[in-house]
Structure formats: C-alpha cells, structure tokens
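Have the coordinates open as you read.

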Amino acid sequence: MKIIAFQTEFRPELPVVFGAKDYREFRETIEEVDHFLTATGIEHRMLVAHLTSADDACPENHRPCAYKRLRQALRYAILLALTGLSHRALSHRVADSALFQWFTHTSAIDGVRPPSKSSIERYEKIFPSEEISKLIHNCNRAATDPDSAKELLYSETALKFDEIFADTTCVKSNIHFPVDWVLLRDATRTLIKAIALIRDQGLKHRMGDPKKFLRDMNKLCIEMTHVRKKKGAKKMRKAIFRRMKRLMKTVENHAHNYYHLLESRWAETDWSENQTQVVLDRLQNVLDQLPQAVHQAHERLIGERRVANKEKTLSLYEPDVHVLVRGKADAEVEFGNGFYLAEQADGLIVDWQVIKEQPASDNKLVADSIKNLTKTYGLPKSYSGDRGFDAQGNRDAFAESNIVNGICPRSVAQFKERLEDPYFRQLQTRRGSTEARISIFKNAYLGTPLRSKGFENRKTRIEWCILAHNLWKLARIAVQNRQTATEQKEAA
C-alpha cells in the first residue's frame, strides 16, 4: 500500500450535553461508527486504494487534499443514509450541528465550511459501486475476528455469518399515477420548461406565453380528476382526453421548433456546448417517448383496452422501472425494481442484488447468492427463506453442499413434516425478523419511494444505505456491550 503523507487536522472536542437521552444515544452511536471506520483502518485503505487507482487523474502532490475530500465524501454519504435527510437539509444541519461537523471532518480551528447541497450530491457519486460493496464486506468481516471484536464491539465473542436469512422486495420508484394521461402532463411540463430556458437565452420562435400551456394542461388534469364520480364520467373523461391530445400536439410542435432552433443557433446563447446538449437531450428524451405515451393513454381511455405490462411506459424519466405483481394485502402491484437481501443472525446485510430487468422468481437467486456468500464469508451453515425460494434444484444443491435447508417448503405436507425438526422451527422463527429488516431498511434508510434518478444512481444509493445500516447496527451492538460491561463492573 502506498503511504500518503498529510498533516492531520485537529477536530474540536464535542460539547458536553446533559439530559436529552435520545441525543446521547444517537451521539454514542455516531462516535462508535467513527471509531469503527478509523480503528480498523478500513476507511484509510479504501481512500488510498481509490487514489492510487487513479494515478493519471490525481497527481502525487494533490493527493493529500484529494484524500481529505474523499474522506468527507465517504462520511457525508454515510451520514446522508443514516439521517434520511435530503441533500439540502443535511447541508443546513451540518452548519448547525457540532456532532455532524465532527463526524464529517467539516469543522476546523478557523471555522466551519459545510458543503452545499450540490456538493453533497456529487459526493454520493464519487465512489464506484464496486468500492462501496468491498467496503461493506470489509466492515462485516472486521466483526468476525475475535481480536477485533474486543476493540470494536467490546465483546469476547465475534459475530458469526453462518446462518443466512433471505427475502425479496420491491424498491419503489417515484412514479406518477395513473400511468396513462398523467404522462401527458409530465411531458408538457418538461417540454415547456425546456422551451422557457431556451427563450430566456434570447432564441424565440412564434409562440404564445409558454406558461399558458402549463395552465391549460393543469386545468385539464383537474377536470379529469374530478369528473370520475360524476354521471356519465366515462364519456366525459374521453372528451377531456381528446382535448389533452390536441394541446399535447401543439406543445410537441413547439418543442420540435425550439429543438431545431437551439441546435442551429446555440452559439448565440450564453451556454456552453455541454449545457446546450443537456437541454437538447431533455427535449429529445420526451419527444421520442411521446407517441408511445399518447398511444398508451388512448388505448386505456378511448379504446378501453388493457396494455400489456411489458409494453407500458411507466415513466418518461425512468426506463428501467417495471410493474411487479407482489400480491400483498396493501400492494397488489408495485412499480420499481426487484431487490434481493440476505442478512445474518445479528441483522447485518451480507448479500444483496438490485435487479435492473424484470425480476425472475426468487428461487433463481439462491445459487448466485450462495456463491457470493461462500466467496466472501465462507460456506454458510444454513440458508432460510420463504416459499418463493423453494425449488428442487435448490434442495439438491443444499444437500450436496451440506447446507441446512431452512427454506419453507411449498408443499403443506412437507412443511408440517419439516416442523418436527427443532432447528428448522428455530430458523423459521428467526426468518420472520427478516421482514422487519426489509421494512426498516426501506423506510428508515432508502425512503419510500426512492427518489434517486437513473438505475445506476439508485443502485449506488442503495449500497450507501446498506453500508450505513450495517455500521449503525455494529455501533449499536458496541454501545450495548459497553453498557452491559459497565453495569456488571459497577455491580461487582
């Protein structure tokens, strides 16, 4: 490993806070997360590896400053996932919170320099997905070493990764419902806002006030919403939709005109070529999908025909979102990406997969997960899941590898037979907590829906949340072990 020399900055001591038990517990956990990252050297090794892998991009004399920036990027990404705040809200909180300044190395002797919301967003995208995944596994493995467990977890017993509990869910995307006429509203907003930007640069074509088109489309959307419960609603909705189509056609023609206008005369604007291309791509993205969006809405509203899920346009901005038939009591159908999660007995997430395409059945995910787990943590002792993971191929593979099959059988008769085994009952009882783990992870870390745009950005965000979740879990274990040891010492 290459050594990067830099002057260690001083971090002001945290103030003493009396009372406020919730704050003290939160602060203790943040301090343990910081201790875990620094005491193991995991953070340092990751930052050095990132710098040395980009020799051309980062000269030797710039590396100390780059190291500090990368460390801040890592810490802000973790804090963003831990708090669930938006980029803007976190920027405000860091400016006021001594604890957040201390954790992110933002405070200095001469003052505090919190980054802007845009900088925090860029921080989240600095590290590639592979480096984040490697950091997650390194943190998990650090808890398996008995010597490290004494220092990090204040326990004589290290964590074990031999019992695996898996489940799948849907990571919901920010979809506007219903996915028919609402697409026309979204298209109008995007096209008109892009046209307004072009007009602000002095390029104008024959057109009225752009805001009037937005107002007209919004009025039609309000009419469409409120007409549903009226007598003759079906006929009225068709009439409103035809007016929407006419308005949409007018907006589309204006968008084409302004696209060609900007493309040919962009040098007359204050924009760079890259900035111009961003606006052109924004227009082109919507214009390319608009015919399909209009056809889809026409089929559903005018033709009263169902559109196959694989042919639907769910969003003009998220092409990798799918319709997932979940069959849940509160969500028969969900819109987003499939997500596979596997945890160990203490609740640390040890394997995951964000599925870009339409997800296959759950039992297809088991073989790859076992390979990943074996490569990273060693062959597991048991693997548990719900009925969706059960398949003859998986049962045969478990028997061949000598892994205890804790998957709930599809057959009721086999399930009753398996319940005679005490260890199987124990695994099934513990498996119920995996549902809670998924709920906590989605609601407390990801947010519902996940608002990151683009599949790669959503995947990166999910991995940052996994890292933050595992660090938080390890920190809480350390805090509880330390409190227990203190109580036992005082009692003695």
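## Ground rules

This is a predicted model, where local features need pLDDT of at least 70, side-chain atom pairs count only at pLDDT 80 or more, and totals for chains, interfaces and linings use all residues. Numbering starts from 1 along each chain as its sequence is written, and side-chain values use heavy atoms, with hydrogens and water left out.

Helices are DSSP runs (H or I, at least four residues), numbered from the N terminus.

H12 covers residues 273-301, and its 29 residues should span 42 Å at 1.5 Å a residue, which agrees with end C-alpha atoms 41 Å apart. The expected span here is 1.5 Å times one less than the number of residues.

At Leu290, H12 bends by about 40°, with a proline, Pro291, following within four residues. That bend is the angle between axes fitted to the seven residues ending there and the seven starting there.

## H11 against H12

H11 (residues 233-265) packs on H12 at an angle of about 160°, the axes being 10 Å apart. Axes are lines fitted to C-alpha atoms over the stretch in contact, and angles run from 0 to 180 degrees between N-to-C directions. The two helices are therefore roughly antiparallel (over 145 degrees). Their crossing is left-handed, meaning the near helix is turned anticlockwise from the far one by less than a right angle.

Contact means heavy atoms within 4.5 Å. Residues meeting across this pair include Phe241, Met248 and Tyr259 in H11, and Leu283, Leu287 and Leu290 in H12. By class, the contact has 13 nonpolar, four polar and five charged residues. Nonpolar covers Ala, Val, Leu, Ile, Met, Phe, Trp, Tyr, Cys and Pro; charged covers Asp, Glu, Lys and Arg; the others, Gly among them, are polar.

## H3 and its two partners

H3 (residues 63-83) meets H17 (residues 455-491) at about 80°, with axes 8 Å apart. That makes H3 roughly perpendicular to H17 (65 to 115 degrees). Among the contact residues are Leu74 and Ile78 of H3, plus Trp464 and Trp472 of H17. The tally is twelve nonpolar, no polar and one charged.

H1 (residues 21-39) and H3 cross at roughly 145°, their axes coming within 13 Å. This crossing is right-handed, that is, clockwise. Ile30, Asp34, Leu37 and Thr38 in H1 meet Arg75, Ile78, Leu79 and Leu82 in H3, giving five nonpolar, one polar and two charged residues.

Key
Angles under 35 degrees count as roughly parallel, over 145 as roughly antiparallel, 65 to 115 as roughly perpendicular and the rest as oblique.
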